[in-house]
Amino acid sequence: MRMSTSVNPIPPGFHSLTLHLNVEGAAAYIDFLKNAFGAVEISRSPGPGGKLMHASLKIGDSMLMLNDDLSQEFGMPPAVRGNLPFHINLYVPDADATCAQAVAAGAQVTMPVSDQFWGDRYGHVRDPFGFTWAIATHKEDLTPAEIQERMGKAFGAGHS
């Protein structure tokens, strides 16, 4: 198959890096994302046994892809829940309001939103499906030296 030079290698609306999640209960997760973060559903493809094979959503200016955990159907290890080794970072105009909206939709605060030494207003929520969302509003443009100085004050002068 030959690639056309007129086709953009990145589909419209996507960025070079796009998160794709395996979720137990993908349809319910889509509902949560709509309520918590104002996600807009772009597409949904049914899969085997009533599971969701693929869905695309837009949150802010970014796309998110997800599907049900299909590990059993495709002979793969099962999806992991709980303390995952990553956060989904979401920049929004008002971190406090978005955090409150996520909590109202069923998320739990794991780090209250507060001003941070790097210039963001920032906090964490864990959603009912086990994913941690870092919600942030960028408030200040700081130099690396200013961030380092503030970090030293935040963690004590002996921290480097």
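Colleague: Why is Y122 called buried?

Modeller: Its relative accessible area is 14%. Buried means under 20%, exposed over 50%, and partly exposed in between (1.4 Å probe, protein chains only). Y122 is under the limit at 14%, so it counts as buried. Keep in mind that this is a predicted model: local features need pLDDT of at least 70, side-chain atom pairs count only at pLDDT 80 or more, and totals for chains, interfaces and linings use all residues. Residues are numbered from 1 along each chain as its sequence is written, and side-chain values use heavy atoms, with hydrogens and water left out.

Colleague: What is the overall layout of the protein chain?

Modeller: From the N terminus the elements run β-α-β-β-β-α-β-α-β-β-β-α. That gives 4 helices and 8 strands. Helices (H or I, at least four residues) and strands (E, at least two) are DSSP runs, numbered from the N terminus. Of the 160 residues, 35% count as buried. The C-alpha trace spans about 55 × 40 × 30 Å along its principal axes.

Colleague: How many aromatic pairs are there?

Modeller: The count is 10. Rings of Phe, Tyr and Trp (its six-membered ring) pair if their centres lie within 6.5 Å; planes under 30 degrees apart count as stacked, over 60 as edge-to-face and the rest as tilted.

Colleague: Why is the pair of Y29 and F131 called tilted?

Modeller: The ring centres are 5.6 Å apart, so Y29 and F131 pair, and the planes stand at 40°, so the pair is tilted. Y29 sits in helix α1 (residues 26–37), while F131 is in the loop between β7 (120–126) and β8 (132–138), 102 residues apart. Y29 and F131 are both buried.

Colleague: What makes the pair of W118 and Y122 edge-to-face?

Modeller: Their ring planes are at 80°, with centres 5.1 Å apart, so the pair is edge-to-face. W118 has a relative accessible area of 27%, so it is partly exposed.

Colleague: Which residues do ring pairs link into a cluster?

Modeller: The cluster holds Y29, F32, F37, F86, F129, F131 and W133.

Colleague: What phi does G130 take in the hairpin of β7 and β8?

Modeller: G130 takes a positive phi near 95°, in a hairpin with 5 residues between the strands.

Colleague: What makes the contact of D96 with R121 a salt bridge?

Modeller: A salt bridge is a side-chain nitrogen of Lys or Arg within 4 Å of a carboxyl oxygen of Asp or Glu. For D96 and R121 the closest N and O atoms are 2.6 Å apart. D96 lies in helix α3 (residues 95–104) and R121 in strand β7, 25 residues apart. D96 is partly exposed at 33%. R121 is partly exposed too, at 22% relative accessibility.

Colleague: What other salt bridge involves D115?

Modeller: D115 meets K139 at 3.1 Å, N to O. D115 is in strand β6 (residues 108–115) and K139 in the loop between β8 and α4 (144–155), so the pair ties together parts that are 24 residues apart in sequence. D115 has a relative accessible area of 48%, so it is partly exposed. K139, at 49%, is partly exposed as well.

Colleague: How far apart are the closest N and O atoms of E140 and R150?

Modeller: They are 2.7 Å apart, in a salt bridge. E140 lies in the loop between β8 and α4, and R150 in helix α4, 10 residues apart. Salt bridges that share partners also join D96, D115, R121 and K139 into one network. The structure holds 8 salt bridges.

Conventions
Pairing = 2+ DSSP bridges.
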